[in-house]
Amino acid sequence: METVSMPARIGGFNVVRRIARGGYGTVYHARGPGGDVAVKLYERTRDPDVVEDSRTTNGSELKRLRLAREQARAQMSLRHPNVVKMLGYGRTAEGFVVLMDLVRGWSLREILSDGRGVPPRLAIAWFLQIISALDHAHARGIVHGDLKPANVLVCRDLARVQVTDFGGAAGVRSPEVDDPRLPCTRSYAAPEVIAGERPDARSDVYSAGLVLAEMLGQKVWDSGRRIRMVLLKCLAARPEARPQTARQILRVLTKRGLRKTRAKPRPRPARSSEGTSLAWLGPMLAVLTWVLLVLVLMTPR
Ligand SMILES: Nc1ncnc2c1ncn2[C@@H]1O[C@H](COP(=O)(O)OP(=O)(O)OP(=O)(O)O)[C@@H](O)[C@H]1O
Ligand SMILES: [Mg+2]
């Protein structure tokens, strides 16, 4: 059995528990003077600046640290309710660390692990939030580059999701990277990215489509025509055939969605007592009109 040692402290923070181990680091729940945070620790590594000077460091590790730093920088420039807030990054005695808001809940990976998806209403709401986060980043020139369920965190009340690990696109085309896990997870990558092109807004859209498909699972046919159409478009093999931006998806889904939800409130169904009290009015008026007409016609002039 694998025994995992957990540091008692990282930087100035007391480690409360280990949340999960990712491909390149371990995420901890930690407590500091300002409250609870999530700390991602890249163990057994040194500060990227030191590593970059070292001739002994292999290309993969160098790439990984540069990527971690670029990701942290990219995410620090984002402020959006559906993006995990990045608090800082830097060197500690334990290794390179990234400090984030702690999201209390689960990763979407955990939620989807049974392969059954989630109810379509939830899937669509979460997809819209993921797309809003992408739109916010794209508008600032930041491509996610590694969108996947493990990088989508679901808050405990299920009402909000937050995307993390933005900026994974930074090193995608680096020739010195020979680790197939670097720098993006291929199972969610767009075909052109797998073929070696740089990720862009459209490849993020493709990955978001895959995440949506997984969230809907076998309930895709219950999700409605509009969302199925968006899903199909997001998953087009050719990037030109997809929605070109996250904003386009938002427009399609929210414009029509709003029209639907803002639809005029239906007239309140008359209670049965109201129904019977007014039902006689129509026929009664018609009879009265006829009686009046007959009276007028029969009146001698
Ligand atoms: N800010 C956070 N708050 C709470 N949990 C988090 C936070 N960031 C990450 N996690 C948890 O830690 C797990 C591991 O994250 P990490 O980014 O290290 O790996 P990963 O996303 O699974 O893979 P990769 O290394 O390819 O990004 C996530 O799946 C999530 O469950
Ligand atoms: Mg991650």
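**Helix crossing and ligand shell**

Student: Is the crossing in which H4 passes H6 left-handed or right-handed?

Tutor: The model is predicted: local features need pLDDT of at least 70, side-chain atom pairs count only at pLDDT 80 or more, and totals for chains, interfaces and linings use all residues. Residues are numbered from 1 along each chain as its sequence is written, while chains are lettered from A and ligands numbered from 1 in written order. Helices are DSSP runs (H or I, at least four residues), numbered from the N terminus. With the near helix turned clockwise from the far one by less than a right angle, the crossing of H4 and H6 is right-handed.

Student: How are H4 and H6 oriented to each other?

Tutor: The axes (lines fitted to C-alpha atoms over the stretch in contact, with angles from 0 to 180 degrees between N-to-C directions) come within 10 Å and cross at roughly 165 degrees. Angles over 145 degrees count as roughly antiparallel, so H4 and H6 are roughly antiparallel.

Student: Which domains give residues to the shell around ligand 1?

Tutor: The shell holds 22 residues, the closest being Gly22, Gly23, Ala38, Ser107 and Ala150; a residue counts if its C-beta atom, placed from the backbone, lies within 6 Å. Domain bounds come from an automatic or database assignment. Ligand 1 lies between the two contributing domains, domain 1 (11-100) and domain 2 (105-255).

Conventions:
Helices (H or I, at least four residues) and strands (E, at least two) are DSSP runs, numbered from the N terminus. Angles under 35 degrees count as roughly parallel, over 145 as roughly antiparallel, 65 to 115 as roughly perpendicular and the rest as oblique.
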